[in-house]
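Me: I am new to this structure. Please take me through it in short questions and answers.

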Amino acid sequence: MATNTIPIYSRAGQVSWGTTLTTANTAMDGTGTVVILFTAGADGGRVERVRSKALGTNVATVLRLFINNGSDPTVATNNVLYAEKTIAATTATQVASTLTNELPDNADISAFPLVLPAGYRLTATIGTTVASGLRVSVIGSTY
């Protein structure tokens, strides 16, 4: 069986984000209302980190990340729950920054970098409805 003995480097950086998350999705299978955050290119992709920032005052929630195989995300067998991050409640203010929530974190350091096959996607949901929303961004690259 042949193996790759030469390091593979990314071809181009990729920074992406989805629409603002505001609506709860309690499905644990990646179905329902999801936001596509990252799509791997024709030769695959690599996700280094995922960051979320509150856009104002929000109740606490959980951010859930799913790997989708590039097919219809409304079909549960096309998705797998990959990582979760507790997001603390926030209050809008003009004198202090809101907490940056980032994956990987100390609780799940081995989750990233995440290498995705061609066409695979990283999607996101939140567990409770929030007033101002969360904006989630992905820092990665394509091969």
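Me: Leaving aside neighbours within four places in sequence, which residues is valine 47 in contact with?
Reply: This is a predicted model. Close sequence neighbours, within four places, are left aside here. The contacts of valine 47 are then Phe38, Phe112, Pro113, Leu114, Leu116, Leu122, Val138, Ile139 and Gly140.

Me: How many residues does the largest nonpolar core have?
Reply: Nonpolar side chains tend to be buried together in soluble globular proteins. Here, Val47 is among the residues with the most contacts inside the core, and so are Phe112 and Leu122. Strands 2, 3, 4, 5, 7, 8 and 9 each supply at least two of its residues. The core's count is 25 residues.

Me: Which strands stand at the edges of the open sheet of four strands?
Reply: The order of this sheet is 2-8-4-5, with antiparallel pairing.

Me: Is the aromatic pair of tyrosine 82 and phenylalanine 112 stacked or edge-to-face?
Reply: The count of aromatic pairs comes to one. Its ring centres are 5.9 Å apart, with 90 degrees between the planes. Planes over 60 degrees apart count as edge-to-face, so this pair is edge-to-face.

Me: Is phenylalanine 112 buried or exposed?
Reply: Phenylalanine 112 is in the loop between strand 6 and strand 7, 30 residues from tyrosine 82 in strand 5. Tyrosine 82 has 27% relative accessibility and counts as partly exposed. Phenylalanine 112 has a relative accessible area of 6%, and the cut-off is under 20%, so phenylalanine 112 is buried.

Me: With which lysine does the side chain of aspartate 105 make a polar contact?
Reply: Aspartate 105 lies in the loop between strand 6 and strand 7. At 16% relative accessibility, aspartate 105 counts as buried. A polar contact of 3.0 Å joins its side chain to that of lysine 85.

Me: How far apart in space are threonine 91 and valine 59, C-alpha to C-alpha?
Reply: Threonine 91 is in the loop between strand 5 and strand 6. Threonine 91 is exposed, at 59% relative accessible area. In sequence, 32 residues separate threonine 91 and valine 59. In space, C-alpha to C-alpha, the distance is 8.7 Å.

Note on methods:
Residues are numbered from 1 along each chain as its sequence is written. This is a predicted model: local features need pLDDT of at least 70, side-chain atom pairs count only at pLDDT 80 or more; totals for chains, interfaces and linings use all residues. Side-chain values use heavy atoms; hydrogens and water are left out. A nonpolar core is a set of buried Ala, Val, Leu, Ile, Met, Phe, Trp, Tyr and Cys residues joined through side-chain atoms within 4.5 Å. Buried means under 20% relative accessible area, exposed over 50%, partly exposed in between (1.4 Å probe, protein chains only). Contact means heavy atoms within 4.5 Å. Two strands pair if DSSP finds at least two bridges between them. A polar contact is a pair of N or O atoms within 3.5 Å; within protein, one must be able to donate a hydrogen and the other to accept it, and residues adjacent in sequence count only if both atoms are side-chain atoms. Rings of Phe, Tyr and Trp (its six-membered ring) pair if their centres lie within 6.5 Å; planes under 30 degrees apart count as stacked, over 60 as edge-to-face and the rest as tilted.
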